Amino acid sequence: MKPQCLEYLWPVLDAAFDAGRVPSALFLIFLYIRGRRVPSKLVWVQAVLQGWFLLLTYMRNPERLWGVVISTVSILTVACAVDLFSARPAMLTRGLMGIMEWLIYGNLLSIILTYPHSLYISVGHGQHCYFLGYRNGFFQYALLAILAAMLYSHIEKKKVRPLCLIAASYLCILITWSATSVAALMAVSVLIIIPSQKLRRWPWRHFCRF
């Protein structure tokens, strides 16, 4: 969940962020050992998938191997954290809310203050970027923020805080207007609006027609 702007604007913080992933991973391993737990099957599937990415990178593009290693550690650390704290949904949801709030609000602030000139221009690509990087990448953060906000609203029975986070997620994408992200966001909006019971029955109705 590292903001992409660190790599271009504050390289020291970028290196510190990457270094901090190591003790985070070691701490999660300690929690597994202390609790005498084994990672769930989904974590193992994710680990195999990331291992496959590492192998492909080593064979085809070895100069990018270090970046993929860092990404792999980050992804597996998040997967293990979710797996460990899944038995405590309230704690997990509050943690996700806190993380997504500073990322989304930080990105929205950078857009409001610098749009349309952007916070910085990426080297090599010439893309106008903000706190979370290029606009095409906003959706992956927005989707997780929306899911975290909906879980928080359901568990904590609070509305204002999650609605503010959802609104900020929408604004980040709509203001910068990436067609791909807007289309994906609209698809998610449809799924949110449709009642859950109708959504579960809908595929079966169409399947029965055949």
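Author: Start with the largest pocket. About 1500 Å³ of space lies in it. The lining counts 41 residues, and the closest to the pocket's centre are Met1, Lys2, Phe17, Arg21 and Ser74. Keep in mind that this is a predicted model.

Reader: Which elements each supply at least two residues of the lining of the largest pocket?

Author: Look for α1 (5-9), α2 (11-34), α4 (65-85), α5 (89-114), β3 (133-134) and α6 (138-156). The most comes from α4, with eleven residues.

Reader: How do the residues of that lining divide by class?

Author: Sort them into nonpolar, polar and charged. For the largest pocket, the lining has 22 nonpolar, 13 polar and six charged residues.

Reader: What volume does the second largest pocket have?

Author: About 240 Å³. Its lining is made of 15 residues; nearest the centre of this second largest pocket lie Ala25, Ile29, Tyr32, Leu76 and Cys80. Two or more lining residues come from each of α2, α3 (41-60) and α4. By class, the second largest pocket is lined by twelve nonpolar, two polar and one charged residues.

Reader: Now the helices. How do I read the packing of α2 and α4?

Author: Take the axes, then the handedness, then the residues that touch. The axes of α2 and α4 come within 10 Å and cross at roughly 35°. Their crossing is left-handed. On the α2 side, the contact is made by Asp18, Arg21, Ser24, Ala25, Leu28, Leu31 and Tyr32. On the α4 side, the residues include Ile70, Ser71, Val73, Ser74, Thr77 and Cys80. Further along α4, Ala81, Asp83, Leu84 and Phe85 also take part.

Reader: Into which classes do the residues of this contact fall?

Author: Ten are nonpolar, four polar and three charged in the contact of α2 with α4. Arg21 and Ser74 are among the residues closest to the centre of the largest pocket. Ala25, Tyr32 and Cys80 are among those nearest the centre of the second largest pocket.

Reader: Last topic, the charged pairs. How many salt bridges does the structure hold?

Author: Five. One of them joins Lys2 and Asp14. Check the distance between the closest N and O atoms: here they are 2.7 Å apart.

Reader: Where in the chain do Lys2 and Asp14 sit?

Author: Lys2 lies in the segment before α1, while Asp14 belongs to helix α2. The two are twelve residues apart, and the pair links distant parts of the chain. Lys2 also has a place in the largest pocket, among the residues closest to its centre.

Note on methods: Residues are numbered from 1 along each chain as its sequence is written. This is a predicted model: local features need pLDDT of at least 70, side-chain atom pairs count only at pLDDT 80 or more; totals for chains, interfaces and linings use all residues. Side-chain values use heavy atoms; hydrogens and water are left out. On a 1 Å grid over the protein atoms alone, a cavity is a set of points where a 1.4 Å probe fits but cannot get out, and a pocket is an open set with protein on both sides within 12 Å along at least five of seven lines; lining residues have an atom within 4 Å of a point. Grid points are joined across faces, edges and corners, and a volume is the space filled by probe spheres set on the points. Helices (H or I, at least four residues) and strands (E, at least two) are DSSP runs, numbered from the N terminus. Ala, Val, Leu, Ile, Met, Phe, Trp, Tyr, Cys and Pro count as nonpolar, Asp, Glu, Lys and Arg as charged, and the others, Gly among them, as polar. Axes are lines fitted to C-alpha atoms, for helices over the stretch in contact, and angles run from 0 to 180 degrees between N-to-C directions. A crossing is left-handed if the near helix is turned anticlockwise from the far one by less than a right angle, and right-handed if clockwise. Contact means heavy atoms within 4.5 Å. A salt bridge is a side-chain nitrogen of Lys or Arg within 4 Å of a carboxyl oxygen of Asp or Glu.
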